[in-house]
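Here's a quick briefing to read with the model open beside you.

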Amino acid sequence: MAITHKVDVFALAVMLAEMLVGRRPWHGHSMMEIATALALRGCRPYDLERDVAATAAAAAASGGGGGGDGGGGGADGRLPVGQAVPARAPVKLLRLIDMMWEQDPARRPAAAEVAKMLTVIRQQVRACERG
């Protein structure tokens, strides 16, 4: 199987997920364990929904729950966890990341498509922040 630009799409997915989760992927695993998990078992570095929710819960518990502008939050300006997760990671972004790290490289979106989708997601987030 030839290596194509779809490898870069996969790598971008891992970086986006790392930013959302707030920790390094495959932390504490050897290169051999990582390669085996990826190639043979189709594993990904994060369970996005679980890990983003855990990150949001930890941030809320420590007082950094995101959305500290007071918009829709509690008396302390923090969003409840149920609202913090979508604010931190829109569902469309999580779906895009899933598409980008698809096991079959041929099924991953092209880089231009990823750029378009990220632009749309950014516009939607900005519209929600304003409205």
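Helices (H or I, at least four residues) and strands (E, at least two) are DSSP runs, numbered from the N terminus. Read that way, the protein chain goes α-α-α-α-α-α, which comes to six helices and zero strands. This is a predicted model, where local features need pLDDT of at least 70, side-chain atom pairs count only at pLDDT 80 or more, and totals for chains, interfaces and linings use all residues. Residues are numbered from 1 along each chain as its sequence is written, and side-chain values use heavy atoms, with hydrogens and water left out.

**The chain overall**
- Of the 131 residues in the protein chain, 30% count as buried (under 20% relative accessible area; exposed is over 50%, partly exposed in between, with a 1.4 Å probe and protein chains only).
- Take contacts (heavy atoms within 4.5 Å) between residues at least 6 apart in sequence: 62% of them join residues at least 24 apart.

**Helix 1 and helix 5**
- The axes of helix 1 (residues 6-21) and helix 5 (residues 91-100) come within 8 Å and cross at roughly 145°; axes are lines fitted to C-alpha atoms, for helices over the stretch in contact, and angles run from 0 to 180 degrees between N-to-C directions.
- On the helix 1 side, the contact is made by V9, F10, L12, A13, L16, A17 and L20, and on the helix 5 side by L93, L94, I97 and M100.

**R44, a charge without a partner**
- You'll find R44 in the loop between helix 2 (31-39) and helix 3 (48-62).
- R44 is buried but has no salt bridge (a side-chain nitrogen of Lys or Arg within 4 Å of a carboxyl oxygen of Asp or Glu).
- The nearest side chain of opposite charge is E102, 6.6 Å away; Lys and Arg count as positive and Asp and Glu as negative, while His and the chain ends are not counted.
- A polar atom of the R44 side chain does lie 2.5 Å from the backbone oxygen of W101.

**Salt bridges**
- The structure holds four salt bridges.
- E102 pairs with R107, with the closest N and O atoms 3.9 Å apart; E102 is partly exposed at 23% relative accessibility, and R107 is exposed at 60%.
- R50 and D51 meet at 2.9 Å, N to O; R50 is exposed at 51%, whereas D51 is buried at 6%.
- R23, R50 and D51 are linked in a network of salt bridges.
- R24 and E18 form a salt bridge too, with their closest N and O atoms 3.7 Å apart.

Technical notes:
A polar contact is a pair of N or O atoms within 3.5 Å; within protein, one must be able to donate a hydrogen and the other to accept it, and residues adjacent in sequence count only if both atoms are side-chain atoms.
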